[in-house]
Amino acid sequence: MKLWILRHGEAEPHARSDAERHLTEHGRGEVLRSAAQLIGQPISAIIASPYLRAQQTAQLVREALGFQAEIRTVPWLTPDGNPPQVLQNLDTDDNVLLVSHQPLVGSLISFCNTAICASRSRCTPRASRNWKAIFRWRG
C-alpha cells in the first residue's frame, strides 16, 4: 500500500464550531495545486475526516483527479486522532489518500518515520515538493 497524507487547505478562522470551518478561496487554490501532484498516482481510496474543511478538500481532489469512487468519511482522522489507531484502521492493500488536520498529520508522519520506519521493514518515506511525505506501508 502507498499512503498519501494531505492536510486540508487554509480554512476560515471562525465558525460555530471547529468542525464547521469552510475552506477559503486561498485554501481551495492550495488544494488544487496539491491535487495536481497526484495526477497519475495509483490512488484507489480517499479517506477523510468528517470536518467540513477536510470534506471540501477531499471533494476538490476527487474532482481534480476525476476519481470515481466515493470519499470514505471516518471519525479517526480528526485533529486529535491517534496515529497507531489510524494505521490499524488502514488494514488494506489499497493505495490511500488520507485527508486530515494538524496536529494529526504531523504526528502520523512522525510516527511512521520514527517508530515504524526505524526498522526500514514496514514503510519507506519519500519526500515530495508539495507533500510532507508519501509512505509505502506494508502492514
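Trainee: What makes S2 and S4 a pair of strands?

Mentor: Four bridges join S2 to S4, and the two run parallel. Pairing takes at least two bridges, so S2 and S4 qualify. This is a predicted model, by the way.

Trainee: What makes S2 covered on both faces?

Mentor: Look at each side. Ala45 and Ile47 are buried on one, Ile46 and Ala48 on the other. S1 is mostly covered too, with five of its six residues buried.

Trainee: Which unit do S2, H2 and S3 make?

Mentor: A right-handed β-α-β unit. Point the strands away from you: the path from S2 over H2 to S3 is called right-handed because it runs clockwise.

Trainee: How do you know that the span of helix H2 agrees with its number of residues?

Mentor: H2 covers residues 52-65, which is 14 residues. Just after H2, glycine 66 takes a positive phi of about 65°.

Trainee: What covers the buried residues of H2?

Mentor: The cover includes strands S1, S2 and S4, and helix H1. Among the buried residues are Ala54, Ala58, Leu60 and Val61. Two arginines, Arg53 and Arg62, are on that list as well.

Trainee: Why is arginine 62 called buried?

Mentor: Its relative accessible area is 15%. Buried means under 20%, so arginine 62 passes. Arginine 62 sits in helix H2. Its contacts beyond four places in sequence are Ile46, Phe67, Gln68, Ala69, Glu70 and Ile71.

Trainee: What makes glutamate 70 and arginine 62 a salt bridge?

Mentor: Their closest N and O atoms are 3.4 Å apart. The limit is 4 Å, so the pair counts. Glutamate 70 has a relative accessible area of 62%; over 50% means exposed, so that is its class.

Trainee: How many salt bridges does the structure hold?

Mentor: Five. Asp18, Arg21 and Arg53 are linked in a network of them. Aspartate 18 to arginine 21 is 2.9 Å between closest N and O atoms. Arginine 53 to aspartate 18 is 3.2 Å. Arginine 53 lies in helix H2 and aspartate 18 in the loop between S1 and H1, so this pair ties together parts 35 residues apart in sequence.

Trainee: Are those three residues buried, exposed or in between?

Mentor: Arginine 53 is at 3%, so it is buried. Arginine 21 is at 19%, under the 20% limit, so it is buried too. Aspartate 18 is at 35%, between 20% and 50%, so it is partly exposed.

Trainee: Why is proline 13 called exposed?

Mentor: Its relative accessible area is 63%. The cut-off is over 50%, so proline 13 is exposed. Proline 13 belongs to the loop between S1 and H1. Proline 13 and threonine 24 are eleven residues apart in sequence, with their C-alpha atoms 9.3 Å apart in space.

Definitions and conventions. Residues numbered from 1 in each chain as written. Predicted model: local features only at pLDDT ≥ 70, side-chain atom pairs only at ≥ 80, totals over all residues. Heavy atoms only, no water. Expected span 1.5 Å × (residues − 1). Buried < 20%, exposed > 50% of the residue type's maximum accessible area, 1.4 Å probe, protein only. Contact = heavy atoms within 4.5 Å. Salt bridge = Lys/Arg side-chain N within 4 Å of Asp/Glu carboxyl O.
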